[in-house]
Amino acid sequence: MSARTRPVTTTEGVRPFAFSATALAECRELIARYPEGRSKSALIPILHIAQAENDGWLSVNAMDAVAELLGLRRIEVYEVASFYSMFNLHPVGTYVLDVCRTTPCMLRGSDELIAHLEKKLGIHPGETTKDGMFTLKTVECLGSCGTGPMLQCGARYHEDLTVEKVDRLIDELRARNQRANYTDR
Amino acid sequence: MARKILFEHIDKPGIRGLEGYRAHGGYRSVEKALRTMAPEAVVEEVKKSGLRGRGGAGFPTGMKWSFLAKPEGVPRYLVVNADESEPGTFKDRYLMERIPHLLIEGMVTSSFALGANTAFIYIRGEYFHVARILEQAIGEARAAGWLGRNILGSGFDLDIHVQVGAGAYICGEETALLESLEGKRGNPRLKPPFPAVKGLYQCPTVVNNVETIAAVVPIVNDGGEEYAKVGVGRSTGTKLISAGGNIKRPGVYEIELGLPCDEFINSDEYCGGVDGRAFKAVVPGGSSVPIVPYELFLRTAKGEPRLMSYESLSDGGFVSGTMLGSGGFYAYNDAQCIVRSTWNHARFYHHESCGQCSPCREGTGWLDKVLERLELGEGRAEDIDLLWDIQRKIEGNTICPLGDAAAWPVASAIRHFRDEFEYHVTHREKVKDPRHFAREPFRRTARPQTV
Ligand SMILES: Cc1cc2nc3c(=O)[nH]c(=O)nc-3n(C[C@H](O)[C@H](O)[C@H](O)COP(=O)(O)O)c2cc1C
Ligand code: SF4
Ligand code: FES
């Protein structure tokens, strides 16, 4: 429960938030899907967009902008954002590595993979490297159990991982140095 | 080669696109239903097929559909459950990635049968890449007139929307899913009222799994009776099984229900046998179903060969049986530690409990903590009975079945592998090494307990 119930921070990385024009258009398209008076249904999809527009995490300012856009009370947005594990309520690195730790992946070596990543990056799950490049996050079954151990970074799944493969991945990501979001196409 | 019904054409080139899909008979069920059948007749075929929900509970689909309330002037909804978060399950993803139009076609035919003009696919947020594939398929189908206004001139309208979640196992539970689709926390609702009466936006709603809706396509094409000829007894048709763990050939397999378990786990057509020295245990239907020793997976307590079917897998009840569940199959070799695995399961349920009911919220936390100390070599002899007691107090005392799902893996692990739990108390130094059984496999002191 820890990640979910973590208090919403008001001090970290505070900066103003405003949707870009393209994001706003996408939000309006989403809202139009639902019946009259049911625009709250767009909340989760819009939080994904806001998170991608805010360096991969939901600040209070970002959540307040979502509340305003949907005409919701702020608490309605906070309580949803804090329930779902894909929403980060604290600043994260350029890349969030979501490593699956659930039983079927464990049977195929996820404990060892996580231990390797902790050592390589010098951080524990939930932490970000000093250079702001990587956040390590452990997550539950991602529907990739036959090709575990695995991790998700942005929209991409990296499967059948070995120590060598994950080392190569880290090097590639570091060289590219471009934020990966879940909403990437 | 066993008969494939859903995956007959899955390896054909271009099957992911509308053109390739049409070339192999795609959207015939829509033509047949909308041009030649009344909605009730489609429901009738689904009833005759004996199709049971493929999301885990195995509830007869035709019966569920016939419960749908039809008050005048109130919209009805079809919601496809593509949350697929049950550990071990990755069959829906495979289907949606490779043959997305099969789901879209099934949704058009099913929505017609139910009288729904809006349908949603609720897909877990981590599957964003799959959502894009579905959106593309929907766009193609709409452009070709399989969706939208007045489909095939029948007067039937349908819009399909893909809704992404954001990471919460509980949103696979159908009422939590509806809450989430309404933009709220995924807290399961009290039932009744059931979704068939008050579902999405308080309107009558049918929630079905991806695979269930896909199966409607062959049922309408060939007739419910033809579909019912495949399978065994009340387990009709085929089932997608996603296989993982310590097997040689992990992957998604379409099996005819009734396939012998031995053949599934050992033949090269499916799992291909053990990856490692020997099999120890099997979880055949996702993490929520009881774990059974390998021998009890192959044969029932009465010594009969066990089959991959709803009835045979649950033969022996909780004492010696398990369940088909979602078809999330995983097998353990003898390097694995059952206590460690049980702790991992418990941690999962603790993490995923929505927190509404105390027995689940507190109980899963206790299970997690006690199992952690056993596995880390800090356990006490009385912990095993304590675990038993906690799981008993969760089961049956909660709003939704997540509580039961957290209790069963613990109960079955203690029932069948009690000696491994005892070893953790008597060999506390040894089990501090996380790979203890990989270095020195655990040898059973006695036959597995089956009573
Ligand atoms: C905790 C929990 C998680 C569930 N997760 C899923 C899921 O990921 N996918 C699914 O189809 N059904 C899931 N179910 C079952 C659904 O509640 C529901 O029974 C199912 O979607 C109905 O469709 P079906 O009859 O076609 O199987 C879950 C149930 C529970 C209690
Ligand atoms: S059983 Fe657990 S997950 Fe289900 S409603 Fe109760 S607290 Fe929530
Ligand atoms: S357990 Fe890791 S993807 Fe399923």
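Visitor: Where does A:P149 lie?
Guide: This is a predicted model. In it, A:P149 lies in the loop of chain A between β2 (134-139) and β3 (151-153).

Visitor: And what is the peptide bond from A:G148 to A:P149 like, cis or trans?
Guide: The bond from A:G148 to A:P149 is cis, and its omega is near -5 degrees.

Visitor: Which residues does the cis bond in chain B join?
Guide: That cis peptide bond joins B:P192 and B:P193, with omega about 0 degrees. B:P193 is placed in the loop between α8 (174-181) and β4 (205-209) of chain B.

Visitor: Back to chain A. What is phi of A:D160, positive or negative?
Guide: Positive: phi of A:D160 is near 50 degrees, and the residue is something other than glycine. A:D160 is in the loop between β4 (156-158) and α8 (163-176) of chain A.

Visitor: Now helices. How is a packed pair described?
Guide: Two packed helices are described by the angle between their axes and the distance between the axes.

Visitor: At what angle do the axes of α4 and α5 of chain A cross?
Guide: Roughly 120 degrees, for helix α4 (residues 60-70) and helix α5 (residues 74-81) of chain A, and their axes come within 8 Å. α4(A) and α5(A) are therefore oblique to each other.

Visitor: Is that crossing of α4(A) and α5(A) left-handed or right-handed?
Guide: α4(A) passes α5(A) in a right-handed crossing.

Visitor: Over to chain B. What about α5 and α7 there?
Guide: Helix α5 (residues 91-98) and helix α7 (residues 128-143) of chain B cross at roughly 40 degrees, with axes that come within 9 Å. That angle makes α5(B) oblique to α7(B). The crossing of α5(B) and α7(B) is left-handed.

Visitor: How does α6 of chain B pack with α7(B)?
Guide: Helix α6 (residues 100-114) of chain B packs with α7(B) at an angle of about 55 degrees, and the axes are 9 Å apart. α6(B) and α7(B) are therefore oblique to each other. In this pair, α6(B) passes α7(B) in a right-handed crossing.

Visitor: Last topic, the ligand. Where does ligand 2 sit?
Guide: Ligand 2 sits in the second largest cavity.

Visitor: Which residues come nearest to ligand 2?
Guide: There are 13 residues around ligand 2, and those that come nearest are B:C354, B:Q356, B:C357, B:C360 and B:C400.

Visitor: What is in the shell around ligand 2, by class?
Guide: The shell has 8 nonpolar and 5 polar residues, and no charged residues.

Technical notes
Residues numbered from 1 in each chain as written. Chains lettered and ligands numbered in written order. Predicted model: local features only at pLDDT ≥ 70, side-chain atom pairs only at ≥ 80, totals over all residues. Heavy atoms only, no water. Near = heavy atom within 4 Å. 1 Å grid on protein atoms, 1.4 Å probe; cavity = no way out; pocket = protein on both sides within 12 Å on 5 of 7 lines; lining within 4 Å. Sits in = over half its atoms within 2 Å of the grid points. Nonpolar A, V, L, I, M, F, W, Y, C, P; charged D, E, K, R; others polar. Axes fitted to C-alpha atoms, helices over the stretch in contact; angles between N-to-C directions. Helix = DSSP H or I, 4+ residues; strand = E, 2+ residues; numbered from the N terminus. Parallel < 35°, antiparallel > 145°, perpendicular 65-115°, else oblique. Left-handed = near helix turned anticlockwise from the far one by under 90°.
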